[in-house]
Amino acid sequence: DLRMSRGLGDVYKRQEKKNFDGAQIFFAPGQKCGMMSLSIYIKERMISVNETLKVLKERRSIRKYKKEQVAPETLDAILDAGTWAASAKGGQSAVMVVVQDPETISYMSALNAEIQGKPGTDPFYGAPTVVVVLADGETPNWLQDGSLVMGNLMTAAWALGVGSCWINRATELFDLPEGRELLAKWGLPADGSLRGVGNCILGYAEDVLPEAKPRRDNVVYVR
């Protein structure tokens with residue numbers, strides 16, 4: 001329903017907020033809202049939606065990175081997207097730890113490789129930033145909450161020209177004494193309540209971007 005209290009062509013004498021299809025528009029005092037401005041808004045909204053779908057389809061997992069660090073303002077925007085991830089009942093149980101210290105990254109990489117059964121390799125692929133996503137394991141949906149944060153981080157990174165990849169074994173690592181020592185060093189609970197969800201590595205891709213695999217026909221309709 002696109003009707004407003006005084007009609008689309010009326011001039012508003014005070015600031016009003018209206019909801020259109022779940023989005024909010026603020027009208028300043030004296031601003032006229034007609035069908036033309038509304039149609040422009042809808043068109044811009046559709047462009048925005050299409051850009052989001054484009055990012056989701058074009059995102060790739062990057063496994064070779066330049067040494068160049070992610071720009072601070074870009075990293076902040078990616079992390080902000082992570083904070084806006086959906087969570088069970090809005091509980092926001094996930095925590096993000098941003099690791100850029102090369103020595104700490106190397107240490108975590110070595111532990112990760114041991115867990116993987118491939119000692120001497122680098123599961124973080126030389127990425128200059130590792131965002132460790134953990135969540136409160138005492139909440140029933142900790143894994144889902146943390147996974148949604150990981151998804152937001154990777155999608156936002158791609159939208160801003162930054163490569164990413166989900167690296168597993170965070171759960172195993174932070175269940176180890178070495179992992180809990182890291183949590184204590186970072187000022188986080190080391191009593192086992194925080195569980196590792198994933199490692200989101202971030203950086204600028206060094207190689208040509210990988211081609212996407214053909215999508216499977218894995219949608220089932222029940223109508």
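Buried residues make up 35% of the 223 residues in this protein, where buried means under 20% relative accessible area, exposed means over 50% and partly exposed lies in between, using a 1.4 Å probe and protein chains only. Keep in mind that you're looking at a predicted model, where local features need pLDDT of at least 70, side-chain atom pairs count only at pLDDT 80 or more, and totals for chains, interfaces and linings use all residues. Residues are numbered from 1 along each chain as its sequence is written, and side-chain values use heavy atoms, with hydrogens and water left out.

How far can you trust the picture? The pLDDT is the predictor's confidence in each residue, from 0 to 100. The protein averages a pLDDT of 86, and 78% of the residues score at least 70. Over residues 1–33, though, the pLDDT is below 50. That stretch has 58 contacts in the model beyond near neighbours in sequence, a contact being heavy atoms within 4.5 Å. Where pLDDT is low, the predicted coordinates should not be read in detail.

Now for the overall layout. There are six helices and six strands, which are DSSP runs numbered from the N terminus: H or I over at least four residues for helices, E over at least two for strands. Starting at the N terminus, the elements go β-β-α-α-β-α-β-α-β-α-α-β. If you take contacts between residues at least 6 apart in sequence, 71% of them join residues at least 24 apart.

Let's look at a pair of helices. Two packed helices are described by the angle between their axes and the distance between the axes. Helix α2 (residues 72–83) and helix α4 (residues 142–159) pack at about 145°, and their axes are 8 Å apart. Here axes are lines fitted to C-alpha atoms, for helices over the stretch in contact, and angles run from 0 to 180 degrees between N-to-C directions. Which residues of α2 and α4 meet? From α2 come I78, L79, A81 and G82, and from α4 come V149, N152, L153, A156 and A157. By class, this contact of α2 with α4 has seven nonpolar, two polar and no charged residues. In that count, Ala, Val, Leu, Ile, Met, Phe, Trp, Tyr, Cys and Pro are nonpolar, Asp, Glu, Lys and Arg are charged, and the others, Gly among them, are polar.

Next, head for the inside. A nonpolar core is a set of buried Ala, Val, Leu, Ile, Met, Phe, Trp, Tyr and Cys residues joined through side-chain atoms within 4.5 Å. The largest one has 23 residues, and M108, F124, V130, V132, L134, F174 and I201 touch the most other members. Elements giving two or more residues to this core include α3 (102–116), β4 (129–136) and β6 (194–203). A second, separate core of 19 residues includes A85, V131, A135 and L153.

V131 sits in strand β4. Is V131 buried or exposed? With a relative accessible area of 0%, V131 is buried. Not counting residues up to four places away in sequence, V131 touches L79, M96, V97, L153, G198, N199, C200 and L202.

Strand β5 holds S164, which counts as buried at 0% relative accessibility. Apart from neighbours within four places in sequence, the contacts of S164 include R59, Y65, M154, A157 and I201.

V162 and G203 are 41 residues apart along the chain, yet their C-alpha atoms are separated by 5.7 Å. A205, in the segment after β6, is 43 residues from V162 in sequence and 7.4 Å from V162 in space, C-alpha to C-alpha. At 25% relative accessibility, A205 counts as partly exposed, and A205 touches I62, K64 and K66, not counting residues up to four places away in sequence.

Finally, check two loops. Y125, in the loop between α3 and β4, has a positive phi of about 55° although Y125 is not a glycine. R169, in the loop between β5 and α5, also has a positive phi, of about 75°, and is not a glycine either.
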